[in-house]
Amino acid sequence: MAPLVAAPADAHQPPVDGGAESVPHVAFATLAPCPQPLRHPFRALAWCVSITAGVASLMMLLSVLAAIPVANFLALGYMLEGEGRVVQSGRLRDGVPLLGGLPRLGAVVFGTWASLLVVRAVTTLAGDAALGDPDGAAASRWAVARLVVAPLVGLHIALAWRAGGSLSAFLRPLRNARYCHACWRGGTLWSGAADGIAAVIRGIRPLRLFVLGVGGFLGAFVWLVVPTLLFSRLRDTQHPGAVLVTIAGGVLLLAVLSHVPLMQARFAAEGRMAAFHEVAAARAVLRRGPLLVPVARVLLDGLALPHSLLKVIATPRDAVWLLTPIFVATIFPARLARGGAIARAGRQPRPRWIGFRLLGTALLTAALTGYLLLLFFTPAIDALGRRVLLDHHALLLPTPF
C-alpha cells in the first residue's frame with residue numbers, strides 16, 4: 001500500500017494585535033486544555049459546558065446542512081475530512097475537524113439561546129397579560145416591556161458576538177459595550193468584525209469541504225450506479241433474463257461495496273480522485289486488516305440500513321429536519337471507526353496470515369450478502385420505490401431524501 005501523505009492542517013489564523021480593537025483569536029486546529037478543576041472550578045465548568053454545547057451545535061449544524069440540497073455536500077465533505085484525518089493519524093480524536101473552534105461555537109450557540117430565553121419569557125408574560133385583561137395596566141406595561149426588551153437583547157447578542165462570543169462575553173454586557181465603543185472610536189468596529197468573519201471562513205475552508213464532498217460523492221457514485229441499476233432490474237420473476245441481470249448486478253455490487261469504501265477513505269486522506277482507480281491499494285488494505293476492516297465496514301452498513309427503512313413513509317419536507325440528526329449521529333462515528341481500522345491496517349508491514357484473510361473475506365461477503373438481500377426487498381416497502389437503492393447512505397449523501 002502506498003504511503004499516505006500528511007493531511008493538510010487547519011488554516012491557522014494570523015496573529016492579531018493587542019488592544020481593544022483586536023478580534024479575539026480562535027485556533028481551529030487545537031483544543032485548549034481544560035483548566036484545573038480544583039484551582040479554577042468555574043473555568044473548568046465553563047469549558048465543559050462550552051465543549052458539550054459545541055459538539056451538540058456541530059451535530060445540529062451538520063444536520064441542517066444535510067437537509068439542504070447542494071449544501072449537503074458540505075456535510076459529506078466534513079465527514080470525509082474527519083475520516084481522512086483518522087486514516088492519516090490513526091487517532092479517533094483527530095476525526096473532528098475544527099476541534100479548537102468547538103468551545104467558541106458552543107459558547108455562541110449557548111449564550112445566544114440563553115439570551116433569547118429572556119425575550120421568550122417576556123413575550124409569554126405579555127401574551128398572558130393581554131389574554132387576562134387586554135385593556136388593563138399590566139397588559140400595557142408588559143407590551144412596552146416586550147418592545148424594549150427585544151431590541152436590547154438583540155443589541156446584547158450583537159455586542160457579545162463582536163466581543164468574541166465567549167461565555168463571559170454573554171455575561172458581561174457593560175464590558176462588551178466599552179469594548180465596542182473603543183472599537184468604534186478606533187475606527188475598527190466594522191472592519192474588525194469583517195476581519196473576524198474572514199478569519200473564521202479561512203479556518204473553516206467551506207470551499208475545500210464542498211469540493212471534498214462532491215469528489216467523494218462522484219467517485220463512489222460512478223462505481224455504484226451501474227451495478228445498482230442492474231440490481232434493481234428485476235420486476236417480474238417470470239422473465240429469466242431479468243433474474244440473471246439482477247443476480248449479475250448483485251455480484252458486481254458485492255464486489256464494489258467491498259472496495260469502494262476503502263478507496264473513498266483513501267481519497268479523503270489524500271484528496272486525489274485517482275484514489276478511486278487504485279483497486280489494488282484497497283485490496284492491500286483488506287489483506288493487512290482482514291478482520292478489523294470488515295468489522296468496521298459491517299458497522300457502517302448496519303447503521304446505514306435503518307436509514308432506508310426510515311423512508312417507508314414519504315417524509316414531509318418539514319419532518320426532514322427531525323431525521324437528519326439521526327443520519328449524522330450514526331454515520332459520522334461509523335466513518336471515523338472505519339478510518340481507524342484502515343489506519344491500523346496500513347501500519348501493518350505485510351499481509352496477515354491467510355487464515356485470517358479467508359475468515360475476514362467470508363465475514364465481509366456474508367455481511368454484504370445479507371445487506372444486499374435486505375436492500376433488495378426495501379423498495380417493496382419504501383415510499384420512494386426502487387430509487388432508494390441508489391441512496392447508499394454509507395457512501396453517498398447523509399440525507400433522508
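At what angle do the axes of helix α1 and helix α3 cross?

**Entry 1: basis.** I worked from a predicted model, where local features need pLDDT of at least 70, side-chain atom pairs count only at pLDDT 80 or more, and totals for chains, interfaces and linings use all residues. Residues are numbered from 1 along each chain as its sequence is written, and side-chain values use heavy atoms, without hydrogens and water.

**Entry 2: helix pair.** I found that the axes (lines fitted to C-alpha atoms over the stretch in contact, with angles from 0 to 180 degrees between N-to-C directions) of α1 (residues 41-66) and α3 (residues 102-132) cross at roughly 85° and come within 7 Å. That makes α1 roughly perpendicular to α3 (65 to 115 degrees). Contact (heavy atoms within 4.5 Å) involves, among others, S50, I51 and L58 of α1 and L102, V109 and F110 of α3.

**Entry 3: overall fold.** I noted 13 helices and 0 strands in the protein chain (DSSP runs: H or I of at least four residues for helices, E of at least two for strands). Of its 401 residues, 41% count as buried (under 20% relative accessible area, 1.4 Å probe, protein chains only).

Terms used:
Angles under 35 degrees count as roughly parallel, over 145 as roughly antiparallel, 65 to 115 as roughly perpendicular and the rest as oblique. Buried means under 20% relative accessible area, exposed over 50%, partly exposed in between (1.4 Å probe, protein chains only).
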